[in-house]
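Please keep the sequence and the 3D view open while reading.

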Amino acid sequence: MNHFPIFLNTSGRRIVLSGGGDAALAKLRLLMKTTAHITVFAPDAAPEIESWAEAGKLTLIRRAMEPGDAMCAALFYAADEDTVEDKRTAAIAHADGALVNIVDNLADSQFITPAIVDRDPVTVAIGTEGAAPVLARAIKADLEEKLPTSLGTLAAIGKTFRKAADALPFGRARRDFWRDYYFNAGPKAIASGVEAVQPALDALLGDHLMKETRQGHVAFVGAGPGDPELLTLKARKALDEADVVIYDRLISPEILELARREAQMIDVGKEAFGPSTPQEVINALIVEHGHKGAQVVRLKSGDATVFGRLDEEIDAVTDAGIDWHIVPGITSASAAVASLGQSLTKRGRNTSVRFLTGHDMKGFADHDWRALANPGEVAAIYMGKKSARFIQGRLLMHGIDPATPVSVIENASRADQRVLSTTVAQMEPTISQAGLSGPALTFIGLAPRNAVAALPDLTIPQPAQEAR
């Protein structure tokens with residue numbers, strides 16, 4: 001982010017613009033929405049600028065800019081549509097201490113003007129750092145359609161009511177009140193006219209003052225494999241309402257960004273055969289914040305019910321008398337197999353699939369290796385990178401065909417996803433030599449679709465049909 005978005009207070013301050021053509025008109029239509037004192041320097045100004053000057057909306061000085069003309073200006077726009085003149089006026093403004101924007105010259109500008117959705121006092125600014133103005137306009141059009149024109153009126157009335165709303169406890173109680181106003185009581189009231197909004201606010205505050213303090217609650221949320229677009233709507237809602245987010249190591253930064261800025265973020269990452277937050281500490285953190293009345297999101301990678309030690313955390317919360325619910329997520333196996341262009345089950349090949357973990361609390365996890373070694377079996381192995389040699393050895397020991405395909409998907413669904421295609425015979429050293437650093441899921445019995453033709457046929461032989 002090269003341009004940090006802020007909202008500058010321009011009330012009563014100077015904004016200076018040099019230019020009188022189309023570029024100047026475009027900027028002035030936006031600048032005149034502010035309460036700033038606008039001064040335009042232009043030897044030859046467009047008729048619209050002349051009329052705005054006559055109406056007292058801006059000050060027009062019919063000459064080129066000179067040193068000192070931008071003194072005490074908060075902002076300056078060079079809109080002369082002439083490279084040499086823009087450079088000259090920008091230098092003057094810069095010397096006078098103003099922040100400088102040169103229209104259509106991102107490199108030499110100190111700030112940029114975003115696309116704006118105006119529901120005064122609600123303002124949405126959209127910027128692309130000059131990379132995609134067309135995209136910014138498309139987003140603006142979409143937001144214009146979604147945000148009702150009455151939103152500004154509701155916000156203006158709500159602003160006058162903020163002192164009264166301070167009677168509510170700081171934090172969730174106050175947020176619940178304002179959410180109820182903007183998304184329920186306010187829109188209903190304004191449908192009957194602006195004069196109906198204030199009585200509705202008074203009644204709403206009375207209702208919220210009488211409400212009991214909201215009890216703590218824990219949402220066990222599956223964050224999916226990493227792509228924020230694979231997060232469920234219910235998971236996004238939980239993140240938006242969370243006071244505290246207790247998250248695992250594998251949660252992607254893009255998903256953590258979806259939590260409220262005010263939410264307390266607590267990293268309780270675990271790493272196989274590496275540093276970990278003890279489960280007892282995690283349980284205690286969840287219970288502690290739940291007892292304080294917080295809305296807690298326990299955010300787990302993939303689906304919370306798959307290899308997430310969910311039952312231990314639910315038991316701790318239940319024993320503490322705290323309400324909870326589960327929000328399912330897309331498990332990593334589903335995202336990983338999709339990247340292979342395969343399905344987890346296939347008629348004539350396998351009617352079941354095994355979800356396994358490469359290690360457990362005691363070390364490498366043991367399984368029914370004899371069954372896994374049968375032709376046509378498919379297994380999805382979570383946390384199997386460091387136990388690859390152990391898994392390979394067990395499978396070969398129990399008679400698996402060494403040519404059985406193995407696929408390893410690192411960072412499934414993410415921008416840096418990587419797919420390794422090998423066989424049981426080459427499982428080690430392929431995995432150790434690949435230098436995998438992200439979360440990886442291993443499939444035994446599946447190859448990427450474009451590699452299927454090159455691998456041996458391992459489908460289950462079908463019994464001959466009886467002659468009729």
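A residue counts as exposed when its relative accessible area is over 50%, as buried when under 20%, and as partly exposed in between. The model discussed here is predicted.

**Negative patch**
- Asp22, Glu48, Glu81 and Asp104 form a negative surface patch.
- One of these residues, glutamate 81, sits in the loop between strand E4 (73-78) and helix H3 (83-95).
- Glutamate 81 has a relative accessible area of 52%, and the cut-off for exposed is over 50%, so glutamate 81 is exposed.

**Nonpolar patch**
- Met1, Phe4, Ile6 and Leu8 make a nonpolar surface patch of about 520 Å².
- Phenylalanine 4, one of its members, lies in the segment before strand E1 (14-18).
- The relative accessible area of phenylalanine 4 is 66%, so this residue is exposed.

**Leucine 258**
- Leucine 258 belongs to the loop between helix H10 (253-256) and strand E10 (264-267).
- Is leucine 258 exposed or partly exposed? With a relative accessible area of 25%, leucine 258 is partly exposed.
- Neighbours within four places in sequence aside, leucine 258 is in contact with Leu231, Arg236 and Leu239.
- How far apart in space are leucine 258 and lysine 163? The C-alpha to C-alpha distance is 29 Å, and the two residues are 95 residues apart in sequence.

Technical notes: Residues are numbered from 1 along each chain as its sequence is written. This is a predicted model: local features need pLDDT of at least 70, side-chain atom pairs count only at pLDDT 80 or more; totals for chains, interfaces and linings use all residues. Side-chain values use heavy atoms; hydrogens and water are left out. Patches are made of residues with over 30% relative accessible area and no salt bridge: like charges are joined within 9 Å, nonpolar side chains (Val, Leu, Ile, Met, Phe, Trp, Tyr) within 5 Å. Accessible areas come from the Shrake-Rupley method with a 1.4 Å probe; for residues, only the protein chains shown count as cover. A salt bridge is a side-chain nitrogen of Lys or Arg within 4 Å of a carboxyl oxygen of Asp or Glu. Lys and Arg count as positive and Asp and Glu as negative; His and the chain ends are not counted. The place of a charge is taken as NZ of Lys, CZ of Arg, CG of Asp or CD of Glu. Helices (H or I, at least four residues) and strands (E, at least two) are DSSP runs, numbered from the N terminus. Buried means under 20% relative accessible area, exposed over 50%, partly exposed in between (1.4 Å probe, protein chains only). Contact means heavy atoms within 4.5 Å.
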